[in-house]
Amino acid sequence: MSGSVLPEDVLRDAPSYAPRPFELADLELLLSGAYAPLTGFLVRADLAALARTGRLADGTPWPVPVTLELPQELAERLNPADPARRTVVLTDLEGAPIAAIEVHDVWRAGENRFGVGGPVRKMGDGGHGPFQRLRRTPEEVRSLLPPGRVLGVIADRPLHRPQLAQIAHAARTLAAHLLILIPVSGHGPDGLPPEALVRAVFAARDRMPPATIVAVPVSPHGDEMRDALLRSRVAASYGVTHVLSTGDTLSGAGLRVLVPRELAYDNRDGQWRWRDDIPPRNRRLALLPEEIEDLLDRGFPLPEWHTPPAVAKELSRVRPPRRHRGLVVFFTGLSGSGKSTIARNLADSLRETGERTVTLLDGDVVRRELTAGLGFSKADRDRNVRRIGWVAAEVGRHRGMAVACPIAPYEAARASVRRMAVEAGAGFVLVHVATPLEVCERRDRKGLYARARSGQLRGMTGIDDPYEEPLDAELTIDTTTMSVSEAVETVLSYLVENGWVEPKLS
C-alpha cells in the first residue's frame with residue numbers, strides 16, 4: 001500500500017466522517033508509523049490473503065486485520081474508480097480533520113455498514129488533548145533509545161509496588177533500558193481516564209529504573225488475541241526487544257515475552273519477593289483491583305506497603321470516596337409508574353441536607369431545552385434518552401448529582417447512558433419503577449393510555465410500543481402498594497448503604 005497526495009479541490013468537496021473510537025486509534029497508529037509497513041486500512045485482497053496465509057496480498061507479514069467501516073449512506077456515494085469520488089475526510093469526535101482516506105475498495109460488512117480500504121494521508125495540525133508531548137512517533141522514540149535491549153511495559157493500569165518490583169527485577173536481569181507505553185485511547189480496564197492513568201504512572205517514576213515514557217493510542221477491539229498481537233506489533237515499532245507480560249500481552253512481532261513470577265510482600269524486611277520464598281505467616285499478597293477500588297470508594301487510604309504515596313494520591317484524586325463523587329440516579333418505568341414523583345421528592349430530600357448539588361432532569365424544562373422537536377419514533381426516543389444522559393453525565397463529571405426520570409424503554413439507550421456516566425467518572429444507579437401496566441393505566445392522569453387504547457395515540461410505551469425491562473437495575477420498586485415517602489426512603493437507604501450519601505443523624 002502506498003500513500004498519495006490528494007488535490008485540494010478533492011479534499012474540499014469530500015464528505016467527512018468520524019470513525020468509531022478504536023478505528024480512530026488505529027488511524028493514529030497508521031499515521032505515526034506504529035503500524036508500519038501499513039500506510040492505510042486493509043482492502044479485501046489483503047484480508048483474504050491474511051486469513052489464508054497470515055500475510056498481506058503482496059506477501060508482507062502482518063498479524064491481524066486493520067479495518068475501517070462507514071455507514072451505508074456514505075459508502076454508497078463513493079466510487080473507487082473515480083479519483084474525484086473516492087476520498088473521505090476522517091475527523092475526530094469533535095469534527096476536526098485528522099486524515100483523508102483514498103478509498104480503493106468498498107464492500108458490505110454488515111447491516112447498513114460497509115468496509116473500505118485504502119491509504120490514509122494526515123491532515124490538520126496534529127492531535128489535541130492532554131499530554132500531546134508524550135505522543136511521540138516510533139521513529140522519534142527509537143532515536144532516543146540507547147543501544148541494546150529494551151524492556152517494554154504496556155502500563156494500562158497504575159503501577160503499584162508489586163508491579164514496580166517486577167519491572168525493576170526484569171530490567172536488572174536483562175540489563176535493558178525501560179520503555180513504558182501508556183495506552184491513551186479511552187478508559188483503561190479499571191475505568192481510569194487516560195490523563196489520570198498518565199499522571200499515576202508518572203507518580204511512580206521515582207520507583208522505576210531510568211525509563212522512557214510514551215503515550216500510545218492503542219484501543220481494545222473486543223478481541224483479546226487481536227489486541228495482544230497489535231500491541232506487540234506497536235511495541236516492536238517503538239524499539240522494544242522484550243516485553244513484560246501484564247496478562248493481556250502475548251508474544252508476537254518477534255518480541256520475547258517475560259512472564260513475571262507472582263510476588264508477595266515480606267513483612268520481615270518490607271521487600272517484595274517470589275511468594276514461595278516467604279513463610280506464610282510473613283507473606284502478604286498483592287491487593288486485587290476490586291480491593292483497591294473498594295478502599296477508594298469508601299475513602300480509606302491505600303496501604304503504603306502496597307502503593308507508593310504519590311500514586312495513592314493520584315488515584316484518590318480521580319476516584320474520590322463515593323460520597324464526594326458525581327452520581328447519576330436514573331429512574332426508568334412506564335408512564336404513570338410513579339418515577340417522576342419519586343424523583344422529584346428524592347431531589348427535594350437531598351437538597352434539604354445541603355450535602356449534594358442536585359440537578360433534576362424532568363418535566364417541562366427538559367422538554368423545552370433538550371428534547372424540543374423530537375417525536376416518538378424509536379430513533380427520537382433514543383435521542384431523547386441520550387441527550388438527558390449526556391447532560392446527567394456532565395453533572396456527574398463535576399461531582400454533582402443528577403436525578404433523571406425518562407421512560408427510557410430501550411435497553412441499548414439505557415446502557416449508553418450508563419456508559420456515559422462511568423466514562424465521566426461518575427457513579428450510576430438505575431432504578432426500575434416496575435409498577436405493572438394495569439396499575440399505570442388505572443392512574444392515567446393525562447389520559448394517554450385511554451387515547452392509545454382507542455387508537456387516537458400511536459407509539460405509546462406498553463401498548464403498541466415495547467418496554468424492555470432492565471435486567472441490570474441496582475434497585476427495583478413497585479409503587480402499587482408503596483407510598484411516595486416509602487419509595488423515596490427505599491432509594492435513600494440504598495444510596496446511604498452504598499456510600500453515595502451520608503447517613504442522616506437521628
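Let's start with two strands: strand 3 and strand 7 (residues 113–122) pair in the antiparallel sense, with 4 bridges between them. Keep in mind as you look that this is a predicted model. Within this pair, Leu68 is placed opposite Val116 of strand 7. Strands of a sheet pair through backbone hydrogen bonds, and the pairing can be parallel or antiparallel.

Now look at the side chains of strand 3, which spans residues 68–71. In a regular strand, side chains alternate between the two faces of the sheet. On one side of strand 3 you will find Leu68 and Leu70, and on the other Glu69 and Pro71. All four are buried, so both faces of this strand are covered.

Is Ile101 buried or exposed? Its relative accessibility is 0%, and because buried means under 20% relative accessible area, Ile101 counts as buried. For a sense of distance across the model, take Arg381: it is 280 residues from Ile101 in sequence, and the C-alpha atoms of the two are 34 Å apart in space.

Let's step back to the whole protein chain. Its secondary structure comes to 17 helices and 20 strands. The C-alpha atoms fill a box of roughly 75 × 75 × 40 Å along the principal axes. Of the 506 residues in the chain, 48% are buried. If you take contacts between residues at least 6 apart in sequence, 67% of them join residues at least 24 apart.

Next, find the open sheet of 5 strands, which pair in parallel and have the order 10-9-8-11-12. Which strands stand at the edges? They are strand 10 (211–216) and strand 12 (256–258); each has a single partner strand, so one side of each is left without a neighbour in the sheet. On average, neighbouring strands of this sheet are turned by 25° against each other, direction ignored. Strand 9 (residues 177–183) and strand 10 run parallel and are joined by 6 bridges. Here Ile180 stands opposite Ile213 in strand 10.

Helices pack on this sheet too. Helix 6 (residues 161–174) touches strand 8 (150–154), strand 9, strand 11 (242–244) and strand 12, and its direction makes about 160° with that of strand 8. Helix 7 (residues 194–203) touches strand 9 and strand 10, and its direction makes about 160° with that of strand 9. Helix 7 is mostly covered, with 7 of its 10 residues buried. These buried residues are Pro194, Ala196, Leu197, Val198, Ala200, Val201 and Ala203. They pack against strand 9 and helix 10.

Helix 10 (309–318) leads us to another residue, because the loop between helix 9 (289–297) and helix 10 is where Trp305 is found. Trp305 has a relative accessible area of 16%, which is under 20%, so Trp305 is buried. What does Trp305 contact, leaving aside its neighbours within four places in sequence? Its contacts are Arg161, Tyr265, Trp272, Arg284, Leu285 and Leu287. Trp305 and Arg161 are 144 residues apart in sequence, yet their C-alpha atoms are 7.6 Å apart in space.

Our last stop is Asn384, in helix 13 (residues 378–397). Leaving aside neighbours within four places in sequence, Asn384 is in contact with Thr371, Leu374 and Pro406. Ser340 is 44 residues from Asn384 in sequence, and the two are 16 Å apart in space, C-alpha to C-alpha.

Technical notes: Residues are numbered from 1 along each chain as its sequence is written. This is a predicted model: local features need pLDDT of at least 70, side-chain atom pairs count only at pLDDT 80 or more; totals for chains, interfaces and linings use all residues. Side-chain values use heavy atoms; hydrogens and water are left out. Buried means under 20% relative accessible area, exposed over 50%, partly exposed in between (1.4 Å probe, protein chains only). Two strands pair if DSSP finds at least two bridges between them. Contact means heavy atoms within 4.5 Å. Axes are lines fitted to C-alpha atoms, for helices over the stretch in contact, and angles run from 0 to 180 degrees between N-to-C directions.
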